[in-house]
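Dear colleague,

I am handing over a structure for your attention. Please find the sequence and coordinates below, followed by an account of what was found.

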Amino acid sequence: MSEPAIELGRLGVWGHLDTLPIDDARDYARRVDELGFGTLWVPETVGREPFTLLGLLAGETTTVRLGTSIVSIWGHDAQTTRMAALTLTEATAGRFVLGVGVSHPHLAERLRGHTFDRPVTRMREFLAAYRSAVYKGPMGDGLGEPPVIVAALRERMLQLAATGADGAFPYLVTAERVAWMRGVLDAAAGAAGARRPTLAVSLPAVLETDADNARASARAYLATYLRTPAYQAGWEAQGFSAADWEKPGSDGLVDAMVAWGDAEALQARIGELVAVGADHVAIIPLSPDGATEHMSVLEALATV
């Protein structure tokens, strides 16, 4: 098997960090770095601005990659995005990874005032504009363009991620779906003569062996996603039905989306994803209340 387009490390960490005051967020990033995780990802919702946050964390870390997963193309035009990406590439000595996505209609329209339409076309246009955007800021010696990864759930966006970027970062998917995604990415890249796309996935994880307690944490985390049409459509494609995402979520859906148990059980779930083609698994370390910064989960899974 050829090497993936981006080397992110086998395990990473994903989280908003919004439950942490900024000094605690700096401590958290330092600890993630010390534990040997490959990449620390931060998303964009309505909390901290991700480029700014990663800039604040850049000086606190030395080896871990820092990535956005994801920033919305409706919230950042291509010129601004490239300026931010190259600034962070310089600040991190090449450790930055740009993750972009089309987000969701309610966030693009009600929150940002855009018209959400033709998402694959809009992403293709954005990537082309990003590549051609002007940047005249300084760059460190030997630093090139930062890698770009695209949030993708369906076939056409996966194909674009394979041919117009360096890979894909799907969310809330089963191992069976990851295997299908691996096939779509590789077929598209092969037809285009492109490098093997990187496939990064996230895995919410609860370090808890009691089923009721573990599922309570998982449900607290999944509550927002249960009512999001894009994830509902994704779950339907994975064999679930409306009864599964009806609040508070069926045990079957919860167990499929969130790993729980002792460290050995969590490692087994990670292994399942890697076995079917994931190059990188970003752990979402869930606390009992569903927050995404539970350090004990990461320490149990540490790579050093």
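Predicted model: local features only at pLDDT ≥ 70, side-chain atom pairs only at ≥ 80, totals over all residues.

D186 counts as partly exposed, at 33% relative accessibility, where partly exposed lies between buried (under 20% relative accessible area) and exposed (over 50%), computed with a 1.4 Å probe on protein chains only. R182, in contrast, counts as buried at 7% relative accessibility. The side chains of D186 and R182 meet in a salt bridge of 2.9 Å, N to O; the term denotes a side-chain nitrogen of Lys or Arg within 4 Å of a carboxyl oxygen of Asp or Glu. Both residues lie in helix α7 (residues 175-192), 4 residues apart, about one turn of the helix. Helices (H or I, at least four residues) and strands (E, at least two) are DSSP runs, numbered from the N terminus.

Residues are numbered from 1 along each chain as its sequence is written, and side-chain values use heavy atoms, with hydrogens and water left out.

Side chains of opposite charge can pair when their charged atoms come close. The structure holds 16 salt bridges. One of them joins D23 and R26, whose closest N and O atoms are 2.9 Å apart. R26 is partly exposed, at a relative accessible area of 21%. A network of salt bridges links D23, R26, D27, R30 and E60.

Another salt bridge is formed by the side chains of E299 and R31 (3.3 Å, N to O). This pair links distant parts of the chain, since E299 is in helix α13 (residues 295-301) and R31 in helix α1, 268 residues apart. E299 is partly exposed, with a relative accessible area of 41%, and R31 is likewise partly exposed, at 30% relative accessibility.

I turn next to the strands. From strand β1 (residues 11-14), L11 and V13 point one way and G12 and W14 the other way, and all are buried. β1 pairs in the parallel sense with strand β10 (residues 280-285) over 3 bridges, pairing being assigned if DSSP finds at least two bridges between two strands. The bridge partner of G12 in β10 is A282. β1 also pairs in the parallel sense with strand β2 (residues 39-42), over 2 bridges, and there the bridge partner of V13 is L40. From β1 the chain crosses through helix α1 (residues 22-34) to β2 in a right-handed β-α-β crossover: with the strands pointing away from the viewer, the path from the first strand over the helix to the second runs clockwise.

Finally, the helix packing. The axes of helix α6 (residues 155-164) and α7 come within 8 Å and cross at roughly 50°. Axes are lines fitted to C-alpha atoms, for helices over the stretch in contact, and angles run from 0 to 180 degrees between N-to-C directions. α6 and α7 are therefore oblique to each other; angles under 35 degrees count as roughly parallel, over 145 as roughly antiparallel, 65 to 115 as roughly perpendicular and the rest as oblique. Helix α5 (residues 119-132) packs with α6 at an angle of about 15°, their axes being 10 Å apart, which makes α5 roughly parallel to α6.

Yours sincerely
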